[in-house]
Amino acid sequence: EKMDALADKGQKVDTFTEKEKQGGGRGSGGGWVHMDVVEREKLEWMKDMPHYPSVEEQSGTAKEVRFSLKGLVIRRDTYVPVHLGLHHHGDEPEVAGYTLGELLHLCQSTVLQQRVLALQVLRRILVKAHLNEYSGVVDGCVLSSLLGAGLGAMLRLSLDHSAEPVATAALHCISCLLVSPVEEKLLDECLATHRG
């Protein structure tokens, strides 16, 4: 408690044991270099994530809804373990899943795997949107929200990427954007008929 009070005032706090101070190569005084002041703001990320009251509404606008990596809608009040990888450093790190805006932002990542993963998730969302799987869960049109947020330009830029996996994932997204699986199936059945 005394240490916390001193650290809050910005005063130096000696938290090293004699054995730690005598460790070789750590600094002229034997302790760890520049580790004598506790910097609370740098430790904020290690705190437990805050728990917010559950949201009573099941639906939300297409821009606010969070999606899993499989393109499924995740309710804001659903508990998802952190180790599943759906928590990140976005606007709301305590809520699992990715919004459409966060996925589009992730498509611009410099890390190749993140970029490809975001494009794959968007492809899954596009397929489900064409199959009308989001009706009743999402207010508004997911396709319109994506196009309004710049999906077309982002996909076009991704086609020019030097890495083949990014260009391939972008091509799959464009295909899912332009081709409705339901319409393709109906067209296949019509062409398979006697007079098709």
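## Helix 5

Which residues are buried in helix 5? They are Arg115, Val116, Ala118, Leu119, Val121, Leu122, Ile125, Leu126, Lys128 and Ala129. Buried means under 20% relative accessible area, exposed means over 50%, and partly exposed lies in between (1.4 Å probe, protein chains only). The cover over these buried residues includes strand 2, helix 4, helix 6, helix 7 and helix 8. Contact here means heavy atoms within 4.5 Å.

Helix 5 has 19 residues, which should span 27 Å at 1.5 Å a residue. Its end C-alpha atoms are 27 Å apart, which agrees. The expected span is 1.5 Å times one less than the number of residues. Just after helix 5, Asn132 takes a positive phi of about 65°.

## Basis of the model

This is a predicted model: local features need pLDDT of at least 70, side-chain atom pairs count only at pLDDT 80 or more, and totals for chains, interfaces and linings use all residues. Residues are numbered from 1 along each chain as its sequence is written, and side-chain values use heavy atoms, with hydrogens and water left out.

## The chain overall

The protein chain holds 9 helices and 4 strands. Helices (H or I, at least four residues) and strands (E, at least two) are DSSP runs, numbered from the N terminus. Along the sequence, the pattern reads α-α-α-β-β-β-α-α-β-α-α-α-α.

The protein chain has 196 residues, and 31% of them count as buried. Take the contacts with a separation of 6 or more: residues 24 or more positions apart account for 53% of them. The chain exposes about 13,500 Å², and carbon and sulfur atoms supply 55% of that area. Accessible areas come from the Shrake-Rupley method with a 1.4 Å probe; for residues, only the protein chains shown count as cover.

## The nonpolar core

A nonpolar core is a set of buried Ala, Val, Leu, Ile, Met, Phe, Trp, Tyr and Cys residues joined through side-chain atoms within 4.5 Å. The largest one has 31 residues. Leu119, Leu122, Ile125, Leu146 and Leu151 touch the most other members. Helix 4, helix 5, helix 6 (142–148), helix 7 (151–159) and helix 8 (164–178) each supply at least two residues of this core. Helix 5 gives the most, with 8 residues.

What does Ile125 touch, not counting residues up to four places away in sequence? The list is Phe67, Gly71, Leu100, Leu103, Tyr134, Val142 and Leu146.

## One aromatic pair

Rings of Phe, Tyr and Trp (its six-membered ring) pair if their centres lie within 6.5 Å; planes under 30 degrees apart count as stacked, over 60 as edge-to-face and the rest as tilted. By this rule the count is 1 aromatic pair. The ring centres of Phe67 and Tyr134 are 5.4 Å apart and their planes meet at 75°, so the pair is edge-to-face.

The pair links distant parts of the chain, 67 residues apart. Phe67 is in strand 2 (residues 66–67), and Tyr134 is in the loop between helix 5 and strand 4 (138–139). Phe67 counts as buried because its relative accessibility is 0%. Tyr134 counts as buried too, at 6%.

Ser109 is in the loop between helix 4 and helix 5 (112–130). Is Ser109 buried or exposed? It counts as buried, because its relative accessibility is 15%. Leaving aside neighbours within four places in sequence, Ser109 is in contact with Gln114 and Arg115.

The side chain of Ser109 makes a polar contact with the side chain of Gln114 (2.6 Å). A polar contact is a pair of N or O atoms within 3.5 Å; within protein, one must be able to donate a hydrogen and the other to accept it, and residues adjacent in sequence count only if both atoms are side-chain atoms. A polar side-chain atom of Ser109 also lies 3.0 Å from the backbone nitrogen of Val111.

Arg156 lies in helix 7. At 47% relative accessibility, Arg156 counts as partly exposed. Its side chain makes a polar contact with the side chain of Asp160 (3.0 Å). The C-alpha atoms of Arg156 and Ile174 are separated by 8.8 Å, with the two residues 18 apart along the chain.

Helix 8 has 15 residues. From first C-alpha to last it reaches 21 Å, close to the 21 Å expected at 1.5 Å a residue. In helix 8, Val166, Ala167, Ala169, Ala170, Cys173, Cys176 and Leu177 are buried. The buried residues of helix 8 pack against helix 5, helix 6 and helix 7.
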